[in-house]
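The sequence and the structure are shown first.

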Amino acid sequence: MRLRQRLLTGLVTLLPLLVTLYFLGWVYTYSGGYIQTVLRLVNLEVPRVYQPALPFVGLFLAGVLIYLVGTLAENYLGRRLILSLERSLLLLPIVRDIYKAVQQIAHTLFGQKEVKFSRAAVIEYPRRGLYTLCFVVQPVEDRLPPLPEGYTAVLVPTSPVPASGMVILVPSEEVIPLEISVEEALKYVVSAGFLLPEKPSRAFSSLQQNPTPPA
């Protein structure tokens, strides 16, 4: 069991690195040839002395392309264009499943910066004696009548895509704060529990309600 767990932990740890290195290696290996092909279409030839630098130019152009796509996605027309492309991909059965999974994981790890969780915590769910990791969203106060005050909205994530979790309203005193960062908690969820923080990264203050573990 320990051997299997360590193998899976190693796989989860190495996979993002290997995918990133593979992408960079692919760009480095093939971009030089693509650049020369494009230049030949306009009757231009790169001198032999400069050809070894073409892969680095390809890496630079890949970074520029990623930046331009990000800029395009931030405006209305760009979003409409990307949504149209997404709808086309979602019509293909196998491609649809792969695309949605990769998209959700990417949004979880790199995107949605406007969503700020207060901290990571645990609650007793789905029953007493079982604990589930959650992210504290905000105290509800009196904004959901007739629900009384003293409740906190938390997001219970699902593995490996935390964004597909559900929001639960929990009595604030039953929310048990964890002394780990939100980023560390996200790694734990995305890795299906294999990547546990070794120790608290820094001191955390308690919630507004100063919750204590339920008796």
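**Nonpolar surface patch**

In this predicted model, a nonpolar patch on the surface is formed by L14, L17, L18, L21, F23, L24 and I66, which together have about 660 Å² of accessible area. The element that gives the most to this nonpolar patch is helix 1 (residues 2-41), with six residues. One of the patch residues, L21, lies in helix 1. L21 has a relative accessible area of 48% and is therefore partly exposed, since that class lies between 20% and 50%.

**Aromatic pairs**

A pair of aromatic rings is described by the distance of the centres and the angle of the planes. The count of aromatic pairs comes to three. Among them, W26 and Y34 form a tilted pair, with 6.4 Å centre to centre and 55° between the planes. The rings of Y28 and F56 have centres 5.4 Å apart and planes at 80°; the pair is edge-to-face because angles over 60 degrees fall in that class. This pair links distant parts of the chain, as Y28 lies in helix 1 and F56 in helix 2 (residues 54-73), 28 residues apart. Ring pairs also link W26, Y30 and Y34 into a cluster.

The exposure of the residues in the two pairs described is listed below.

| Residue | Relative accessible area | Class |
|---|---|---|
| W26 | 39% | partly exposed |
| Y34 | 48% | partly exposed |
| Y28 | 35% | partly exposed |
| F56 | 51% | exposed |

F56 counts as exposed because its relative accessibility of 51% is over the 50% cut-off, whereas Y28, at 35%, counts as partly exposed.

Notes:
Residues numbered from 1 in each chain as written. Predicted model: local features only at pLDDT ≥ 70, side-chain atom pairs only at ≥ 80, totals over all residues. Heavy atoms only, no water. Patch = residues over 30% accessible without salt bridge, like charges linked within 9 Å, V, L, I, M, F, W, Y side chains within 5 Å. Areas by Shrake-Rupley, 256 points an atom, 1.4 Å probe, with all protein chains shown as cover. Salt bridge = Lys/Arg side-chain N within 4 Å of Asp/Glu carboxyl O. Helix = DSSP H or I, 4+ residues; strand = E, 2+ residues; numbered from the N terminus. Buried < 20%, exposed > 50% of the residue type's maximum accessible area, 1.4 Å probe, protein only. Phe/Tyr/Trp six-rings, centres within 6.5 Å; stacked < 30°, edge-to-face > 60°.
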